[in-house]
Amino acid sequence: NLGVIHFFDNIFSNEDVKYPKPHFEIYFKCMIFANCGPKNTLIIEDSSIGVKAGSLAGVKVFGLTAGKHWPLNRDKNELYNSGAINVFDDFKTLALAIEEL
């Protein structure tokens, strides 16, 4: 438990959809729940499969390499090549980029 659950109204997972990523179903389900479309949505992903799914949904996707599964020698171009419009190495620069949208 990371102590952040109180920040979320709802959480969706692969258990909530028929088709897992890289299919875009999970993101469509989230947008329907939030009553917003792809133009008003931003996805933040830390995997190439997730970035592909978000891109297939027609949504802007930011990549994030701040997780432990992103060692220093892992190439963040993996996320760019999957469709991320920008990739961030830390939460501070990610937050600044979100504010600029």
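In this predicted model, helix α1 and strand β1 each supply at least two residues of the lining of the largest pocket. The largest share comes from α1, which gives six residues. The space in this pocket is about 1,100 Å³. Its lining counts 32 residues, and the closest to the pocket centre are F8, I11, F12, Y27 and I44. By residue class, the lining divides into 22 nonpolar, six polar and four charged residues.

Strand β1 also belongs to a sheet. Strands of a sheet pair through backbone hydrogen bonds, either parallel or antiparallel. Here, three strands form an open sheet, and the pairing is parallel. The strand order is β1-β2-β3. Strands β1 and β3 (residues 86-88) are the edge strands, since each pairs on one side only. On average, neighbouring strands of this sheet are turned by 25 degrees against each other, direction ignored. Strands β1 and β2 are joined by four bridges.

Helix α4, residues 91-100, lies across β1, β2 and β3. Relative to β2, α4 runs at about 165 degrees.

Helix α2 spans residues 48-56. Its buried residues are S48, G50, V51, A53 and G54. The cover over these buried residues includes two helices, α1 (25-34) and α3 (77-82). It also includes two strands, β1 (42-45) and β2 (60-64). Just after α2 comes G58, whose phi is positive, at about 80 degrees.

The loop between β2 and α3 holds T65. Is T65 buried or exposed? T65 has a relative accessible area of 9%. Buried means under 20%, so T65 counts as buried. Leaving aside residues up to four places away in sequence, T65 touches W70, K76, L79, V87, F88 and D89. T65 and S47 are 18 residues apart along the chain, and their C-alpha atoms are separated by 8.6 Å.

Note on methods. Residues numbered from 1 in each chain as written. Predicted model: local features only at pLDDT ≥ 70, side-chain atom pairs only at ≥ 80, totals over all residues. Heavy atoms only, no water. Buried < 20%, exposed > 50% of the residue type's maximum accessible area, 1.4 Å probe, protein only. Contact = heavy atoms within 4.5 Å. Pairing = 2+ DSSP bridges. Axes fitted to C-alpha atoms, helices over the stretch in contact; angles between N-to-C directions. 1 Å grid on protein atoms, 1.4 Å probe; cavity = no way out; pocket = protein on both sides within 12 Å on 5 of 7 lines; lining within 4 Å. Points joined across faces, edges and corners; volume = space filled by probe spheres on them. Nonpolar A, V, L, I, M, F, W, Y, C, P; charged D, E, K, R; others polar.
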